[in-house]
Amino acid sequence: MDSLNIPATGRTPGVTFDFAAGHLRLHGESYPDDVATFFGPIFTALRAYLAEPDDRPIRFDMELLYFNSSSAKVLMNIFQMLEAVAKLGRPVSVSWCYEENDESMRELGEDFSEDLRYVAFSLRDVPSGAIG
Amino acid sequence: MKFNLFAAEEQAIEKARALGETLAVVAPDCVSDFEALVDAFQRSTREQRRLVRVSDRLQAQLGTANQELERRRLEAETALEHLREAQEAIIQAEKLASLGALVAGVAHEINTPVGIAVSCASHLADATARLKRLSDEGAVSRGDFSRYLATAGDTTDLILANCQRAAQLIAGFKQVAVDRASAERRRFNLGTYIQETLVSLQPKLRPLGHTVSVLCPPDLELDGYPGVLSQILANLVMNALTHAFPNGRVGLMAIEVEQPDSDWVRLRFSDNGQGMVEENRARVFEPFFTTRRGRGGSGLGLHIVHNLVVGALKGSITVESAVDQGTRFVLLFPRQTPERD
């Protein structure tokens, strides 16, 4: 399956989904004008990828610095999709990046992980200005 | 009792659990679907909590950003205020410096008649001493005496004329200098005042052969601030001398005054110099705009002219110029300057 690469803009995140390597990454800032238009094709690709029978590991890097409420719901939906394949036995890890000193972003990460049982969730702090 | 934002949802979940127990007895087939429904509702409640937290975080970030914006706005305003004060200070300093130049110009101008008077007086003193010596020896001839009379007549005429010239210069200069420094309002004859101002500029004009012609209705009397006018003219002349005539070109400048109607005065200052390109013409009145940065240009001369015409004379100023077509400044201002508010 082809990888999905969308460069970041001021309002929309960079998307780097390397399906062959099982490496998915969202980075930058996310407050698109129209959530459905931006995330619709991403969900379609992700759904197709997860539907293929495969047991190679998946790694998801959440490197958004700033996201609005709709994007938060998008993240939760992605996490649920990953949780579903992990529950079937596929190794899935999620890494939640936050800038050091950004306590509230770290706590949000903890909150977001509360429904993940089969996904290996980790928090990763990076120096401020290092991601994006 | 502890405040709980999601108390209603939690109560609903408890009720659903109780209902689930009843359901297990009355409709066991439905239990697994019902439990999935309760799970979905519970997850939805957790998601709602997260979304509220995300939203609160965004709100807080917005608040911080607004505060930061306000702080920077204040900083920028303060910086602008300081800049304005600094500009004002520089402009005042420039005005004082031009007053200094005026003093130097007049001192130089007075030097000539005073010098002539001194040498005439010294010549007369020598002739007198010679005649006295002859007289003491009783050897004064008719020829000696008439030669002495001729010398005395010539030298006293010259002394008188030059001392009068010096006195006239001092009187004119005194008026200009006092007007410049005091900014007092009074009535004055425009033509005479233009001439008096030009006297102080002669040392700058004469060595290079530049001339300024003046065409002004002789009886035009203004009621306003002569010092302002003198400063404007001096700056216009100095600007022309600095820019219009490179490489020793001999320049002609003209000041023409007319009255479009009895309440207004139009003063045109023109030179036949090299003119300027449109790009510079459009910017000549901007503060600190200069084509001679680092070569003595402060970029304030014409800005001060503009300020004075608009601010003090309550008039307007325009400039026309093109390369090799000379430059014309046209000032239009009320004959009687309105009272300052």
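In chain B of this predicted model, strands E6(B) and E7(B) form a hairpin, with five residues between them. Within the turn, B:Asp324 has a positive phi of about 65°. The two strands, E6 covering residues 316-321 and E7 covering residues 327-334, pair in the antiparallel sense over six bridges. Across this pairing, B:Ile317 stands opposite B:Leu331 in E7(B).

The description now turns to chain A. Three helices and six strands make up its secondary structure elements, and along the sequence they follow the pattern β-β-β-α-β-α-β-α-β. Of the 132 residues in chain A, 27% are buried. Among the contacts in chain A with a separation of 6 or more, 67% are between residues 24 or more positions apart.

Two of the helices of chain A may be considered together. The axes of helix H1 (residues 35-51) and helix H2 (residues 69-87) of chain A come within 12 Å and cross at roughly 5°. Because angles under 35 degrees count as roughly parallel, H1(A) is roughly parallel to H2(A). From H1(A), the residues A:Val35, A:Phe39, A:Leu46 and A:Leu50 take part in the contact, and they meet A:Ser70, A:Val74, A:Ile78, A:Met81 and A:Val85 in H2(A). By class, this contact has eight nonpolar residues, one polar residue and no charged residues.

An α-helix has 3.6 residues a turn, so residues three or four places apart point the same way.

Which helices of chain A each supply at least two residues of the side that touches chain B? In total, eleven residues of chain A are in contact with ten residues of chain B. H2 and helix H3 (103-112) of chain A each supply at least two residues of the side of chain A that touches chain B. By class, that side of chain A has four nonpolar, three polar and four charged residues.

How values were computed
Residues numbered from 1 in each chain as written. Chains lettered and ligands numbered in written order. Predicted model: local features only at pLDDT ≥ 70, side-chain atom pairs only at ≥ 80, totals over all residues. Axes fitted to C-alpha atoms, helices over the stretch in contact; angles between N-to-C directions. Helix = DSSP H or I, 4+ residues; strand = E, 2+ residues; numbered from the N terminus. Parallel < 35°, antiparallel > 145°, perpendicular 65-115°, else oblique. Contact = placed C-beta atoms within 7 Å. Nonpolar A, V, L, I, M, F, W, Y, C, P; charged D, E, K, R; others polar. Buried ≥ 20, exposed ≤ 12 C-beta atoms within 10 Å, placed from the backbone. Pairing = 2+ DSSP bridges.
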